[in-house]
Amino acid sequence: MTSTEQAVETFDSFDPATDRVVGTYPVHDAAAVDAAVAKAREAARWWASLGFAGRAERLRRWKGVLVRRMSELCDVVSSETGKPRGDAQLEIVLAVEHIEWAARHARKVLGPRRRSSGLLLANQAATVEYQPLGVVGVIGPWNYPVFTPLGSIAYALAAGNAVVFKPSEYTPGVGAWLVDAFAQAVPEQPVLSLVTGFGATGAALVRSDVDKIAFTGSAATGKKIMATAAERLTPVIIEAGGKDPLLVDSDADLDAAVDAAVWGAFSNAGQTCVGVERVYVHTAVYDEFVAKLTERARGIRPGEHYGPMTMRSQLDVVRRHITDALAKGGRALVGGADAVGDRYVQPTVLVDVPEDSEAVREETFGPTITVTQVADMDEAVEKANDSSYGLGSTVFSRRRGMELARRLRTGMTAINAPLSFAGIATLPFGGVGESGFGRIHGPEGLREFARPKAIARQRYRMPLVMTTFARTAKTDELVGKLVRFLHRR
Ligand code: NAD
């Protein structure tokens with residue numbers, strides 16, 4: 001090292017199943033982040049100049065790299081999160097679908113469209129088109145380190161922006177892999193670039209010269225990000241946590257509902273933003289549902305069906321929620337206070353848990369589920385909606401699925417299948433309340449990363465010109481008559 005070079009601070013990423021160090025990455029400071037954003041700004045001009053077709057072609061090349069090297073990416077995801085390879089592959093497959101959809105539909109959703117100009121201004125041709133914002137900063141979590149950030153990145157890129165990506169400090173290797181794969185497909189400019197580090201690096205990205213921040217993570221961090229973004233009036237999307245309910249009606253297919261509850265609650269060790277954390281079951285089928293759920297949950301094994309907790313500190317949160325639920329009169333039919341080990345958590349099914357306990361109100365983010373009996377589906381909806389969060393929800397009902405779905409105060413609802421909305425590229429993804437705002441995926445997700453540009457082009461001069469000092473009393477009289485004719489009731 002020469003005297004002019006400074007030692008770069010680094011951090012390690014670990015395999016949560018073994019604590020083995022799997023990679024070492026720089027902690028980027030504000031200067032490094034600003035430099036990455038400045039380079040991205042140049043790249044953004046080139047990327048925007050390629051047009052929809054040029055970008056779609058390159059996004060498909062990137063998609064091709066992801067698919068050809070999928071097995072390698074599964075290993076990286078598995079080693080940093082601890083999740084089984086099959087689950088890693090599932091999130092990659094879903095992400096690939098989103099890249100393809102965004103690339104294919106960007107022109108149709110964002111390209112110029114004629115709008116009606118109305119009778120009074122019939123001489124104008126009105127057009128709206130969605131232009132790229134410039135540089136988007138994407139801050140990601142660790143639980144789905146491919147699927148979740150790509151929900152923002154793919155759509156931001158397809159809309160014509162450059163992206164600076166700050167992955168979670170738990171999964172920097174996955175972030176680096178994705179950015180390297182992009183550079184393999186698009187070597188010309190750093191259209192997608194990487195900054196690594198902890199919260200301070202994320203905060204530096206929020207403070208930098210980006211045109212928008214797309215954040216996915218906890219509600220607590222989302223609030224900090226919004227406060228920091230306010231300094232420069234930088235717009236933000238906040239994709240935060242949830243406490244997703246699953247409703248089981250008296251006419252539901254109970255086996256399917258149990259299967260969905262088990263998958264929704266325990267897959268990925270419960271570390272899913274749209275994971276099922278609360279179940280409300282119609283009294284007519286409660287006993288049967290609980291019996292079936294208990295039996296199924298007993299067959300789920302950590303280490304086989306799901307991995308360790310990726311973030312060690314979450315073990316304390318899960319333990320606290322279970323202990324609180326039991327102290328307040330709840331019962332554990334499967335698992336319980338001893339379910340929380342050093343790395344793994346056994347599946348835990350809790351019943352009779354009061355609605356004011358932490359296990360019902362706070363995001364647990366572990367393989368636990370509360371099951372509550374309700375007199376009817378009105379009570380189920382009321383209890384489901386009594387939450388500060390509002391991300392996803394699930395309904396099992398043969399006759400009333402659509403009606404109940406509409407009444408749930410969440411951004412997304414799946415009927416008769418678990419989490420299906422997340423894999424459908426045309427559907428917007430996002431929450432309400434403390435689950436955040438803004439949408440990724442689908443046409444709404446493309447528009448989130450573009451600004452509407454309105455253009456009115458005069459085609460010919462009207463006899464009735466209203467916007468001139470040369471306007472006469474006769475014009476005013478005629479306009480008055482016209483409006484009375486058009487809008488009188
Ligand atoms: P987190 O909030 O701790 O961290 C998320 C990211 O924010 C990380 O990259 C982190 O380094 C960064 N960060 C931390 N402090 C920051 C600051 N002050 N300024 C800027 N950036 C900062 O969340 P996590 O533990 O990584 O992820 C789990 C959470 O994410 C859960 O609450 C989960 O529900 C949520 N999540 C939501 C969605 C969704 O789409 N709504 C998807 C996945 C996960």
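**Note on the helices, sheets and domains**

1. α4 passes α5 in a right-handed crossing. Please keep in mind that this is a predicted model. The contact has 12 nonpolar residues, one polar residue and one charged residue.

2. Now the geometry of that pair. Two packed helices are described by the angle between their axes and the distance between the axes. Helix α4 covers residues 85–110, and helix α5 covers residues 147–158. Their angle is about 15°, and their axes are 9 Å apart. That makes α4 roughly parallel to α5, because angles under 35 degrees count as roughly parallel.

3. Which residues of α4 and α5 meet? From α4 come Glu-91, Leu-94, Ala-95, His-98, Ile-99, Trp-101, Ala-102, Ala-103 and Ala-106. From α5 come Phe-147, Leu-150, Ala-154, Tyr-155 and Ala-158.

4. α4 also packs with α2. Here the angle is about 175°, with the axes 9 Å apart. That makes α2 roughly antiparallel to α4, because angles over 145 degrees count as roughly antiparallel. The residues of this contact divide into 12 nonpolar and five charged, with no polar ones. On the α2 side they include Phe-52, Leu-59, Arg-60, Trp-62 and Lys-63. On the α4 side they include Val-96, Glu-100, Arg-104, Arg-107 and Leu-110.

5. Look next at Leu-50. Where does Leu-50 lie? Its place is the loop between α1 (30–49) and α2 (51–68). Leaving out residues up to four places away in sequence, Leu-50 touches Arg-55 and Arg-58. Its C-alpha atom is separated by 8.5 Å from that of Gly-160. Along the chain, Leu-50 and Gly-160 are 110 residues apart.

6. How many bridges join β4 to β18? There are nine. Strand β4 spans residues 124–132 and runs antiparallel to β18.

7. Another open sheet has six strands, with mixed pairing. The order is β7-β6-β5-β8-β9-β17. The edge strands, β7 (192–194) and β17 (436–437), each pair on one side only. Strand β6 (residues 162–166) and β7 pair in the parallel sense, over three bridges. Val-164 stands opposite Ser-193 in β7.

8. Last, the domains. The domain assignment gives domain 1 as 10–241 + 441–451. Domain 2 is 244–388 + 392–424, and domain 3 is 459–487. How many Å apart are the C-alpha centres of domain 2 and domain 3? They lie 63 Å apart.

Definitions and conventions:
Residues are numbered from 1 along each chain as its sequence is written. This is a predicted model: local features need pLDDT of at least 70, side-chain atom pairs count only at pLDDT 80 or more; totals for chains, interfaces and linings use all residues. Side-chain values use heavy atoms; hydrogens and water are left out. Axes are lines fitted to C-alpha atoms, for helices over the stretch in contact, and angles run from 0 to 180 degrees between N-to-C directions. Helices (H or I, at least four residues) and strands (E, at least two) are DSSP runs, numbered from the N terminus. Angles under 35 degrees count as roughly parallel, over 145 as roughly antiparallel, 65 to 115 as roughly perpendicular and the rest as oblique. A crossing is left-handed if the near helix is turned anticlockwise from the far one by less than a right angle, and right-handed if clockwise. Contact means heavy atoms within 4.5 Å. Ala, Val, Leu, Ile, Met, Phe, Trp, Tyr, Cys and Pro count as nonpolar, Asp, Glu, Lys and Arg as charged, and the others, Gly among them, as polar. Domain bounds come from an automatic or database domain assignment. Two strands pair if DSSP finds at least two bridges between them.
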